[in-house]
Amino acid sequence: MPADSPPGLAGETPERGAGRQQRRAAATQPPRAAVTSAVEVRRSARRSRTVSAYREGDRTIVLIPARMSEAEEQRWVGVMLDKLAAQESKRVIGDSDLSDRAERLAGQYLDGRARPASVRWVTNQNTRWGSCTPAEGSIRLSHRLQGMPEYVVDYVLLHELAHLLVPGHGPRFWRLLEAYPRTERARGYLEGVVAADRLPRLPAAREE
């Protein structure tokens, strides 16, 4: 981990696998910053060897050397996103953390209007990721979400918070989630998990 890395940051040294020709080509690129789909790339002339990444609110910040080429930038953004997701998957969020996150998400995306009375993990929800009982103000998240990337947990939590304001899944409900920048990505992730669970299980290979 680089000495100048913020807490919770993933770091790598691209030179370990980069050839001399790639490094010479990268050196011709001027410093710049790019922002695409909630990922901000920051180039630094002071950073000569390491690539780092960390979460900043709803954005992912990727720090790279100024001389890195466009192709290297794209490759390392993907590598660092995967590393952050792997790090986040090792952290288990407790019920008290869920309540804090619900309050933060409601304030950030729902103008603080959704105020749950309770937010907790449950182990009896195997066919849905979360549930909400508006009359009681209670939100329950499936334990199967534990270990998934934080943006996925945040999406499901925000989804249930929105149900405190709109019970159904009509246009008004989905408009509430438009402000969350990772809605489609999180839904795609969960759809991938469901699809993988439905794949046929191959029989174990017999040992000769």
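This is a predicted model: local features need pLDDT of at least 70, side-chain atom pairs count only at pLDDT 80 or more; totals for chains, interfaces and linings use all residues.
Figure 1. In α3, L98, R101, A102, R104, L105, A106 and Y109 meet E150, V153, D154, L157, L158 and L161 of α4. Sorted by class, this contact of α3 with α4 has nine nonpolar and four charged residues, and no polar ones. Helix α3 spans residues 95–109 and helix α4 residues 150–163; their axes come within 10 Å and cross at roughly 70°. Angles of 65 to 115 degrees count as roughly perpendicular, so α3 is roughly perpendicular to α4.

**Figure 2. The aromatic pair of Y109 and Y180.** The structure holds three aromatic pairs, one of them shown here. A pair of aromatic rings is described by the distance of the centres and the angle of the planes. For Y109 and Y180 the centres are 5.4 Å apart and the planes are at 90°, an edge-to-face arrangement. Y109 belongs to helix α3, whereas Y180 lies in the loop between α5 (171–176) and α6 (183–197), so the pair ties together parts that are 71 residues apart in sequence. Both Y109 and Y180 are buried.

**Figure 3. Y151 with its partners Y189 and R185.** The rings of Y151 and Y189 form an edge-to-face pair, with 6.4 Å from centre to centre and 80° between the planes. Because Y151 lies in helix α4 and Y189 in helix α6, this pair ties together parts that are 38 residues apart in sequence. Is Y151 buried or exposed? Y151 is buried, with a relative accessible area of 7%. Y189 is partly exposed, and its relative accessible area is 30%. R185 lies over the face of Y151, at 4.4 Å from the ring centre.

**Figure 4. The charged end of R144 over the ring of W129.** Here the charged end of the arginine sits 4.1 Å from the centre of the W129 ring.

Figure 5. I61 is buried, with a relative accessible area of 0%. Which residues does I61 touch, not counting those up to four places away in sequence? They are E40, R42, S52, A53, Y54 and E56. The C-alpha atoms of I61 and V39 are separated by 6.0 Å, although these residues are 22 residues apart along the chain.

**Figure 6. D111 in the loop between α3 and β6.** D111 is a residue other than glycine with a positive phi, near 55°. The loop that holds D111 runs between α3 and β6, the latter being residues 118–122. D111 is exposed, with a relative accessible area of 66%.

Figure 7. Of the 208 residues of the protein chain, 42% count as buried. Among the contacts in the chain with a separation of 6 or more, 54% come from residues 24 or more positions apart.

Technical notes. Residues are numbered from 1 along each chain as its sequence is written. Side-chain values use heavy atoms; hydrogens and water are left out. Axes are lines fitted to C-alpha atoms, for helices over the stretch in contact, and angles run from 0 to 180 degrees between N-to-C directions. Helices (H or I, at least four residues) and strands (E, at least two) are DSSP runs, numbered from the N terminus. Angles under 35 degrees count as roughly parallel, over 145 as roughly antiparallel, 65 to 115 as roughly perpendicular and the rest as oblique. Contact means heavy atoms within 4.5 Å. Ala, Val, Leu, Ile, Met, Phe, Trp, Tyr, Cys and Pro count as nonpolar, Asp, Glu, Lys and Arg as charged, and the others, Gly among them, as polar. Rings of Phe, Tyr and Trp (its six-membered ring) pair if their centres lie within 6.5 Å; planes under 30 degrees apart count as stacked, over 60 as edge-to-face and the rest as tilted. Buried means under 20% relative accessible area, exposed over 50%, partly exposed in between (1.4 Å probe, protein chains only). A charge sits over a ring if NZ of Lys or CZ of Arg is within 6 Å of the ring centre and within 35 degrees of the ring normal.
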